[in-house]
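Please find below my comments on the structure under review.

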Amino acid sequence: METKKIKRTFITLVLSFMIFSLFVSLASNSYFIGKILKNNYFFTIELQNESTRESIKEFEKFLIENENVKGVRFLDRDEAFRNLQKELEIVIPKSENPLPNSVIVYFKDENKLHAIQELLDVNPMVREIYIDSNFLQSTQRKISAVNISLFLFLFFALSMYFQISTILRGIVVKDYMILSIKNPQNNRNFEIARNRNLISFIGAAVIGGLIFFNLYVIFRGKFQEILSNLVFQSFNQLVLIDVVAIAFVVIFSWKSSGKLKKEEV
């Protein structure tokens, strides 16, 4: 009967570490997706037809020096024309290309867009500024959603840490009580009860983490096929974060069990 209880407790710890790793990975992916979405903030500047390549380079340098700008990309009129033909699925003679040269500007924060726009409105290089307001609003809503998910998953991960810590403390108290009944004169009963659970506790953390990593690799590929527009973290991007999180739980849960001698035992 005692052996069954030990196995049940060990399996519970393994499952708890798996669920903890799941919430950590979901929180990490939420942050990862949020960063990708923030990189999608951009608008397009149409340049004056008489702009030379040297003046365009100076203009790009001017944009990059702005603290609110993350990056720029020059879009040649011929490239823009090819993209337009692909989008419309038609063939138009190159000589009829009506498009000017453009610069795509990636910026850091939607709130800073107005300040950048004011700076460009008086620049002689600028012919027109195109801002897709619907796209920006949609991106902002998505970022808000993943930020809420991030805090929610972090809360669940902390809840699992509390559960794991509580299970360990319960095991230590139970073993201590048994040792105290069998050998009440031994002053080291608490240390013995605590230390005898160290290997199994670390083992549960390792096994739970390894099982989760294997499941993550399998299901990430399947979800990536179903949700092709959504980018998930790769195993290499996630593994360090999850290992550090598991190590945090193991260390602080173990330290927490050491306080039982003064608090509860």
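The points below proceed from the whole chain to local detail.

1. This is a predicted model, in which local features need pLDDT of at least 70, side-chain atom pairs count only at pLDDT 80 or more, and totals for chains, interfaces and linings use all residues. Residues are numbered from 1 along each chain as its sequence is written, and side-chain values use heavy atoms, without hydrogens and water.

2. The chain contains 9 helices and 4 strands, taken as DSSP runs (helices H or I, at least four residues; strands E, at least two; numbered from the N terminus). Their order along the sequence is α-β-α-β-α-β-α-β-α-α-α-α-α.

3. Of its 265 residues, 36% are buried, meaning under 20% relative accessible area (1.4 Å probe, protein chains only).

4. The 4 strands form an open antiparallel sheet ordered β2-β3-β1-β4; pairing requires at least two DSSP bridges between two strands. Because β2 (69–75) and β4 (126–130) stand at the edges with a single partner strand each, one side of each has no neighbour in the sheet.

5. Strands β2 and β3 (residues 102–107) run antiparallel and are joined by 6 bridges. Val72 has Val105 in β3 as its bridge partner.

6. Thr44 lies in strand β1 (residues 42–47). Leaving aside residues up to four places away in sequence, Thr44 touches Ser102, Val103, Ile104, Glu128, Ile129 and Tyr130, a contact being heavy atoms within 4.5 Å.

Technical notes: Buried < 20%, exposed > 50% of the residue type's maximum accessible area, 1.4 Å probe, protein only.
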